[in-house]
Amino acid sequence: MSYQDQERREHPRKKITTRLLWHVIAVSLILLLIAVLVSFWQTYPRAKQDVLAKLQADVQQKLAFNQEVLSGIEYQGDVLSEAFLKRYEAYVGKPEFAELFDDWFQETSPGVFRLQDEFFEGTTTANHVFRHLSTFVGPRGEPLDAELKARIVISLLVLSELAPAWQNEVTNTHFSMPENIISLYSPDSPWGSLADKDLVITDFSTVRSTLQQENPQRTPNWTGLYFDISAGFWTITYQQPVDLAGQHLVNSSFDVSLQQMITDFGHVDEAGVENYLLNAKGHLVASSTLANGIDGTRNTLTPENYDDPLFRALAARLLAADAPIEQAVWEDVDEDYLILVHHFETPNWWYFSVYPKALITEQALQIPLLMAVMGCFLVVILLLAVAFFVTRDVSRPLRELANIAALVNQKNYHAIEQESVSKVRSYGEVTQVLNAFRVMARRFVKANEELEQRIDERTLDLREANQKLEQLAHLDGLTALRNRRAFQKDVAQALQDHEGSYFFVMADIDDFKPFNDNYGHEAGDQALIAISRLFELVAASKTYRYGGEELAILIDAPDAKQVEQRLQELLQSIEKLAIEHLYSRRNQPFLTVSFGYTRIRPGESVSALIQRADKLLYQAKQQGGNCVVGDS
Ligand SMILES: Nc1nc2c(ncn2[C@@H]2O[C@H](COP(=O)(O)OP(=O)(O)OP(=O)(O)O)[C@@H](O)[C@H]2O)c(=O)[nH]1
């Protein structure tokens, strides 16, 4: 197997924990995503409700407070009007008021009269304390008669009595008159002294709206937002026309700084949330967007002069409404914003809370996001736990299994047995497989040992059998003497031995044919066996059955004399056997043997040796047998 193949096969084993973890991550994240989506789906409407409820509560609080403030100002208007009328009815026509006018006023330019400066700085006259007062009597068509002079003086008297009490609620308190006259109680500046001599206050929409031809119903009104250039801040004005017997006498009026109200209405608790306050004409009264910077030289802010698309859309929608709107939620004015509308009853204004829909989504996402974060945290914990347990209970045991399998592959069963004391914990099926491997390994080892033992035994038996076969292959079956093959081998060896001294003997039983013929072949065999045993007794010799009744002897002897002696002794021992042979042609009635012997000459051929020995044996036979003939 190539290295790459092995790697490929091992790869999945290495990755099992990782793969499992990826699966757990995927399933967990899908479940988490579903949970987050369901949670968002459930949470969004509630978040929207919460936002609306919060906005409503917030707006209600602002409206309640500011409505209280404005209602208070309207009430002050009533008080101021009643006080003026009361004095006017009591004192009009009395000449001393016209005289007071002449004392208090000076003509600063033709037809233009202004209250003396001490009335602003502080003075005591006619049993009254005057301070922070100024009056501008501008150019007008009507003559400055006693009635008008009295009206102006009465206005100053009323202002000096009532206005100081309200200086914290309003910027200034004043009476304006249709004859282009205005008396003010204003702690900040003597506006009447500073006004341009050609100023016609009835040209301003604020005063003009109180004139009888402009306002036949004689209703009090709140102006829209305008920038008071002299005061230097955004202001609204409340004006209440005061008529008597069809004559428009004065307007009880207050300038109210919108600094606090704009701060209140413009204040937003959340970034991205805006609000607008519009009056019934669609003019802007307050807005959180004014903080973005607005041209302060403009008078009132209307859809025509104030370029704010959302303000314009709100004004258009408000003015186009068939019926008065009390409270509403507009979702279709702008696709990005949810608009909550509240009617501000006292001055007849509408307050619009503009809430970005994205913030609702953001709020609705808080719980799902928290869930997602917590879920991710739990997934991480889960993964760590799974990784720990999978590594401990699956991966390590599987690696152990793989090790054991590798050892099986290497047939290293002893190592498997040693692994049996496992270093890793395992459970269930893995334990079963591990144990099965161990049992299998133990059986293999045992079987192997038994097999090796049997092989050893068989090998020994075989070796012995081979030895026996080897012996048998070199022995004669009848006489148990060495056979012809052994003879050839030993003779060849002796012929190569140049050191030793060997003799070769050929022996032949005399007249063995008649023996066989007369005593039987079996008797012949027995005789052959008996004689052979005697041959075996010859010292330092090896006897071979050369063929039939012929025997050969290799004798290790230093000289022929010793060979002669040993063969003679053999001859005698054969005679002593006295195997009867009555049919021998020799002169004895016993079985005898003839011998021919010769010295082995190292290097000569076997046939030459045999031939020489044969001749000598032949000579022994010729000599009558039962004798020994040698050539040396
Ligand atoms: N019983 C028996 N007879 C054998 C065996 N081998 C050879 N013979 C017999 O030995 C006899 C040898 O006879 P011959 O070669 O004629 O010689 P001989 O009769 O011994 O006469 P000489 O050798 O001249 O003394 C034969 O009859 C063979 O059958 C054997 O193993 N057993």
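**A walk through a predicted model**

In this predicted model, let's begin with residues 448-475, a span that is 93% helix and 0% strand, with its end C-alpha atoms 39 Å apart. An unreviewed UniProt entry annotates residues 448-475 as a "coiled-coil region".

Under "transmembrane region", the unreviewed entry lists residues 20-41 and 369-390. What does the model show there? Residues 20-41 are 100% helix and 0% strand, and their end C-alpha atoms lie 31 Å apart. For residues 369-390, the model again gives 100% helix and 0% strand, with 30 Å between the end C-alpha atoms.

Now let's look at how helices meet. Two packed helices are described by the angle between their axes and the distance between the axes. Take helix 2 (residues 95-104) and helix 4 (residues 146-162): their axes come within 8 Å and cross at roughly 70°. Angles of 65 to 115 degrees count as roughly perpendicular, so helix 2 and helix 4 are roughly perpendicular to each other. On the helix 2 side, the contact is made by Phe97, Ala98, Leu100, Phe101, Asp102 and Trp104. Helix 4 brings several residues to this contact, including Ala146, Lys149, Ile152 and Leu157. Sorted by class, the contact of helix 2 with helix 4 has 12 nonpolar residues, no polar ones and 2 charged ones.

Further along the chain, you can find another pair. How do the axes of helix 13 and helix 14 cross? Helix 13 (residues 512-519) and helix 14 (residues 521-535) have axes that come within 6 Å and cross at roughly 130°. That angle makes helix 13 oblique to helix 14. Here Phe512, Phe515, Asn516 and Tyr519 of helix 13 meet His521, Ala523, Gly524 and Ala527 of helix 14. The classes in this contact are 5 nonpolar and 3 polar, with no charged residues.

Rolling a probe the size of a water molecule over the atoms shows where empty space is left. The second largest pocket holds about 520 Å³ of space. It is lined by 21 residues, and those closest to its centre are Ser209, Asn221, Trp222, Thr223 and Lys281. Which elements give two or more residues to this lining? They are helix 6 (205-208) and strand 8 (221-222). What is the lining of the second largest pocket like by class? It has 14 polar, 5 nonpolar and 2 charged residues.

Conventions: Residues are numbered from 1 along each chain as its sequence is written. This is a predicted model: local features need pLDDT of at least 70, side-chain atom pairs count only at pLDDT 80 or more; totals for chains, interfaces and linings use all residues. Side-chain values use heavy atoms; hydrogens and water are left out. Axes are lines fitted to C-alpha atoms, for helices over the stretch in contact, and angles run from 0 to 180 degrees between N-to-C directions. Helices (H or I, at least four residues) and strands (E, at least two) are DSSP runs, numbered from the N terminus. Angles under 35 degrees count as roughly parallel, over 145 as roughly antiparallel, 65 to 115 as roughly perpendicular and the rest as oblique. Contact means heavy atoms within 4.5 Å. Ala, Val, Leu, Ile, Met, Phe, Trp, Tyr, Cys and Pro count as nonpolar, Asp, Glu, Lys and Arg as charged, and the others, Gly among them, as polar. UniProt positions are given in the numbering used here, feature names are shortened, and annotations may be inferred rather than shown by experiment. On a 1 Å grid over the protein atoms alone, a cavity is a set of points where a 1.4 Å probe fits but cannot get out, and a pocket is an open set with protein on both sides within 12 Å along at least five of seven lines; lining residues have an atom within 4 Å of a point. Grid points are joined across faces, edges and corners, and a volume is the space filled by probe spheres set on the points.
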